[in-house]
Amino acid sequence: MKIYRSIIKYPVSTALNILSLAIAFTGIITIVQYVSYEKSFDKHNINYSTVYQLQIDGKESTVPAVYSPVLRKNVADIVDITPLWFAGGYISIQKQDEKPKSYYISNVYANDDIFNIFTCNFIYGSDKDALKKANSIVLTERVSKKLFGNINPVGKTIKFRNQEYTCTGLIEDLPETSSFKTESFTSFETLLEKENSFAKLWSEWSFRIFLRISSPERYNEVLKSINSIDEINKVLHKSLDRESDGDRHFTLQPMSNLHFLEGGMYQTVNPVVLDVLILLAIILAIMGIVNFINLLTSQAVQRSKSFAIKRILGASRYRLFFQIIIEAIIISLVALGIALLLHGYFYPTIETKLDIKGLSFEGRQQWYIYFTLFTIVYAIVASIYPAKYITSVDVAQTVKGTYRFSGAGKKIRNILLTMQFVFTIVLLIGSIAIEKQIAFWHNYNTGIEKENIVYFTISSEIGKHKEAFNKELSKLKNVVDYTYSWFIPGGVGMGWGRVINGQQITLYTWPVDERFLDFFNIQIVEGRKFSSNQKADLNSFIVNEKAVEEFNWNKPLEIKMIGFDFEGPIIGVCKDFNYSSLKEKIVPMQFWLTDTRLNTLMLKISEGNMTSALSSITSLWQKFEPKQTIDIHFLDESLNDQYGKEEKIANFIEAITLWTILLTLTGLMGLAIFVTQQRTKEIGIRRANGASVGEIIMMLNYSFVKWILFAFIIGSPIAYIAVDKWLENFAYKTHISWWIFAFAGILTLVLSILAVSIQTFRVARKNPVESLRYE
Amino acid sequence: MIKIENLTKVFRTEDIETYALNSVTINIEKGEFVSVMGPSGCGKSTLLNIIGLLDNPTEGSYFFNQKEVANLREKDRTKFRKGNIGFVFQSFNLIDELNVYDNIELPLVYLKIKASERKKKVEDVMLRMKIGHRAKHFPQQLSGGQQQRVAIARAVVANPSLILADEPTGNLDSKNGIEVMNLLSELNQDGATIVMVTHSERDANFAHRTINLFDGQVVLKRTN
């Protein structure tokens, strides 16, 4: 009861304290929940510590599938090994009297070892032989439910990727925290069965290989053995690499890294984001402590007198010391309660806004206990200094009213305040700079049109009736132009390594049709465009300027490019344009005129007619492909999505910046209360001697403003270095303009002055008589 | 110079109304030295605060140099106070963080007087108060008597026409007390009007006349 009374005796500072802690805790809870969720990925796999993905030089994960049996044969410590081929497709079953309904599902081709690598819970069938025979398929519950409802699918025949498969097993859906995602497994044997299968080629680098070794301690030996297999090394060293020809090594990527690697087929998270978040959580915790210390010590002057009287009446210093600590714990627990409520209320919004998962406490109730323990320890740590400070008064002097608190406390508070402002300013500058960079990417002229262009992947059915489809397509009123390609701009992914006239080269290859260059208005600087008669120029190439420059080709038009089973002439050189992400420089690339692989259809829509165009395209699609739904994308959106990772970081940092600003401002208000309290009498004296309200507010604000300016001087170079370092990652980048700093500085200053003025205005306006009476 | 008629000041808390001053009428001529006496809580300081425009009365009129000032807004009171009124308090009310020089300079700063002129005025008044050698000292390094002399120096530095002193000797021993009273008398002889609240009969005798207050009312006016 006594403690309760002393807590509510200082309503303003207690309220601010709880508010500030609740803000800090909400941030910390959100970050800890998210980071712990991301860190929990893949741990459900029983063999988590002994599973690896085969890589080359620690970066390339696609290899020929044929490595798999060779490794199994040669390395004794490999217990399980499987090649993987990720290939999704449409799945359907024939039902009596019903049109078959097909669904697009994700799928992986693998052998049975996969189930020892990624733990899967079988409901029907066995993990020993489910994928033994060709054309076997193991379904997840989700897919099976769609196809069969709740009955056992094992033994049923299924149509998948236009082939018949037999269902050999049913597994539970892979957990949400699995980086490896698939809705079904098909037997790798299916691929091997065919004669001339690409899965048997030493030159087909389209597979991933996962393996399990006997124990983590054998890692080095395994790696050594893998790298000393001649059969593989011969081929490997001949394969091409821009930087290090002839010196390539196998590496093993542990499963614990799977979730933290960029790109690829897995669900990943940028580990830098997590590190930054952990750092930010620590910053929030420190700022919370700083505010706590400031607000609690701000009660010192008021509390010292009652404390001194209690001492005279026989209370021990320790008793009061502990009272303050207990108060701190109570305040912190109240703040935790509020923070948990806030978190519970807002986390779905945060998850949607930041496009993340894992913020909920569901299934992780133990974290409530962790956070409570954390809060208690936190409160103790935060209150030791203020408790010592408040109870350090000289009893006799305090009772007489002559005790003055040491300047040391003031210095520490100013340092802490400055530190908070340094954080705020650095984060603010950082978020503005990131936004500026993202805007720069979005607005950059890449040299190709991206507005009013939509695209979708055509189905095999449409592929079969392409001519008829195209004919109808050109009749559509709002479709200005169309072209087929394998990739859309921004996603050119087919890397070719070739030896041309004895010269080793690597370049990207972009399979296109004869309409592509005109569609995007790509300029030719040498030679000619593809002829409109596709047949005439089939398997010819147009390279970009960069290729000519980098390969030192004097007469590019005389070069014959080596294809898969053909040779084709280079008939033109096109002007360089940013066909890939602006994070990267332009590298050598060629257009390949082909009639294969052209499964992406891009359409140019006349301006302002998007809605009607989309509906006519959809009806056309339905005419040719009634079983599947069309999935239309916008090119500009897809191009902007390339910067999604940076946007995500930006969203995170902005959220945290907002949080630190709130925290800093509540802390500042607390400090303002403290300082104005301490200076109340001085304010009265100054007022009696002619100072106006404005002059008093200015004086009080100045005492804070100088620390903010100081923080700006410290924070700006730190922010500059950090932003500059971040921008180094990108080929095309914005400037770090002076106005970013000015804006961050002024915004901080204005917000701070507002926060301080709320408090100082009240005191400055006070009748000077009251101020003078104040002791 | 000061003409107060039927001045009333009521302090209200949630359920109590206290009449600190009740229909007080006083006239003070220019150049006068008036002391106000009475038991604790009789309204002496309230009266002084109202005369000093630190506070507004609840009712009644107050003319300062023929100008009605009873109901001025805070902003105007500040403006009026500046340069016209100097204050001396019982507890000196010096600012601990400022040295003697800066404390004295304060009213001149708020009057926006030029630095060179300020310097001259502060030095003059320090000389007059015999505290020139203490210019760089801080209040806590001075004796009570010295502190009060600094406070008086601050009160007169802007050359105000009215000096208000609230028990100026209350925190001083008798020797220092007499010194302070002598100083005030000198200032009065130089032309300043002084209103002084005191508990001390001896101090009151320095004044030309004494007004006695009891329970917020004037009970006796006496010429010394």
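Two residues are in contact if their C-beta atoms, placed from the backbone, lie within 7 Å. The model is predicted: local features need pLDDT of at least 70, side-chain atom pairs count only at pLDDT 80 or more, and totals for chains, interfaces and linings use all residues. Residues are numbered from 1 along each chain as its sequence is written, while chains are lettered from A and ligands numbered from 1 in the order in which they are written.

The contact draws 13 residues from chain A and 14 residues from chain B. On the side of chain A that touches chain B, α24 (680-688) and α27 (768-773) each supply at least two residues. The greatest share comes from α24(A), with four residues. Helices here are DSSP runs (H or I, at least four residues), as are strands (E, at least two), numbered from the N terminus.

Residue classes are as follows: Ala, Val, Leu, Ile, Met, Phe, Trp, Tyr, Cys and Pro count as nonpolar, Asp, Glu, Lys and Arg as charged, and the others, Gly among them, as polar.

| α25(A) with α26(A) | 14 residues | seven residues | one residue |

Within chain A, the axes of α25 (residues 693-727) and α26 (residues 738-765) come within 9 Å and cross at roughly 150 degrees. Axes are lines fitted to C-alpha atoms, for helices over the stretch in contact, and angles run from 0 to 180 degrees between N-to-C directions. α25(A) and α26(A) are therefore roughly antiparallel (angles over 145 degrees).

Chain A contains 27 helices and 23 strands, and its C-alpha trace spans about 105 × 60 × 60 Å along its principal axes.

Definitions and conventions:
Angles under 35 degrees count as roughly parallel, over 145 as roughly antiparallel, 65 to 115 as roughly perpendicular and the rest as oblique.
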